[in-house]
Amino acid sequence: EEDGGIASSQHSVGQANEDHLPPSNGDNHLPPIIDDCTPLDHSRRMEIAKSHGFIYDEEQGVKSILEALTPHEHTLLADDNMPLRHYRAEKGNLKEAIRKIKCTLKWREEFDVE
């Protein structure tokens, strides 16, 4: 069947790739990291973060973002993976990921987004 010239990936979007999950630190109150990327995607994220002077650690990044949020901001999160998406979008820049997720949560509250 014709795929429109786009090569198919081994992993579908949203499919967990458990071979590349970071080791758990035993902190069970955090949502599990969903690794929906290939090993190449993950290594590229690490390279990009390093080239910008950041250490790329998704588990620690998500934990730090969640710690930076107020209890009220936690109630505004769209889902458990929102901090991870912001961390990935900022390529390991934790300060910017926290700033942007706080702005997003403020926007969600102001516009009554559920």
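**Helix packing, rings and backbone**

Modeller: The crossing of α2 and α5 is right-handed, a crossing being called left-handed if the near helix is turned anticlockwise from the far one by less than a right angle, and right-handed if clockwise. Helices here are DSSP runs (H or I, at least four residues; strands are E, at least two), numbered from the N terminus. This is a predicted model, where local features need pLDDT of at least 70 and side-chain atom pairs count only at pLDDT 80 or more, while totals for chains, interfaces and linings use all residues. Residues are numbered from 1 along each chain as its sequence is written, and side-chain values use heavy atoms, with hydrogens and water left out.

Colleague: At what angle do α2 and α5 pack, and how far apart are their axes?

Modeller: The angle is about 45° and the axes are 10 Å apart, where axes are lines fitted to C-alpha atoms, for helices over the stretch in contact, and angles run from 0 to 180 degrees between N-to-C directions. That makes α2 oblique to α5, given that angles under 35 degrees count as roughly parallel, over 145 as roughly antiparallel, 65 to 115 as roughly perpendicular and the rest as oblique.

Colleague: Which residues of α2 and α5 meet?

Modeller: From α2 there are Gly61, Ser64, Ile65 and Ala68, and they meet Leu94, Ala97, Ile98, Ile101 and Lys102 of α5; contact means heavy atoms within 4.5 Å.

Colleague: And how do α4 and α5 pack?

Modeller: Their axes are 8 Å apart and the angle is about 130°, so α4 and α5 are oblique to each other, and α4 passes α5 in a right-handed crossing. On the α4 side the contact is made by Met82, Pro83, His86 and Tyr87, and on the α5 side by Leu94, Ala97, Lys100, Ile101, Thr104, Leu105 and Arg108.

Colleague: Is His86 buried or exposed?

Modeller: His86, which lies in helix α4, is buried at 16% relative accessibility, with buried meaning under 20% relative accessible area, exposed over 50%, and partly exposed in between (1.4 Å probe, protein chains only). Leaving aside residues up to four places away in sequence, His86 touches Ala97, Lys100, Ile101 and Thr104.

Colleague: How many residues of α4 are buried?

Modeller: The helix is mostly covered, with 6 of its 8 residues buried, namely Met82, Pro83, Leu84, His86, Tyr87 and Arg88. These buried residues of α4 pack against α1, α2 and α5.

Colleague: Switching to the hydrophobic side, how many residues has the largest nonpolar core?

Modeller: It has 15 residues, and those with the most contacts inside it are Ile65, Leu66, Leu69, Leu77, Met82, Ile101 and Leu105; a nonpolar core is a set of buried Ala, Val, Leu, Ile, Met, Phe, Trp, Tyr and Cys residues joined through side-chain atoms within 4.5 Å. Two or more residues each come from α2, α4 and α5 (94–110), and the largest share, 4 residues, comes from α5.

Colleague: What does Leu77 touch?

Modeller: Not counting residues up to four places away in sequence, Leu77 touches Leu66, Leu69, Met82, Pro83, Ile101 and Leu105.

Colleague: On to the rings: how many aromatic pairs are there?

Modeller: A search of the whole structure finds 2 aromatic pairs, where rings of Phe, Tyr and Trp (its six-membered ring) pair if their centres lie within 6.5 Å, and planes under 30 degrees apart count as stacked, over 60 as edge-to-face and the rest as tilted. Tyr56 and Tyr87 form a tilted pair, 5.2 Å centre to centre with 35° between the planes. Tyr56 lies in the loop between α1 (39–51) and α2 (58–68) and Tyr87 in helix α4 (residues 82–89), so this pair ties together parts that are 31 residues apart in sequence. Tyr56 is buried, with a relative accessible area of 8%, and Tyr87 is buried as well, at 2%.

Colleague: What about Trp107 and Phe111?

Modeller: Their ring centres are 5.4 Å apart and their planes at 35°, so the pair is tilted. Trp107 counts as partly exposed at 44% relative accessibility, whereas Phe111 is exposed, with a relative accessible area of 55%.

Colleague: Last topic: where is Lys91, and what is its phi?

Modeller: Lys91 is in the loop between α4 and α5, and its phi is near 50°, a positive value in a residue other than glycine. At 38% relative accessibility, Lys91 is partly exposed.

Colleague: And Asp112, what is its phi?

Modeller: Asp112 has a positive phi of about 55°, although it is not a glycine. Asp112 sits in the segment after α5 and is exposed, with a relative accessible area of 61%.
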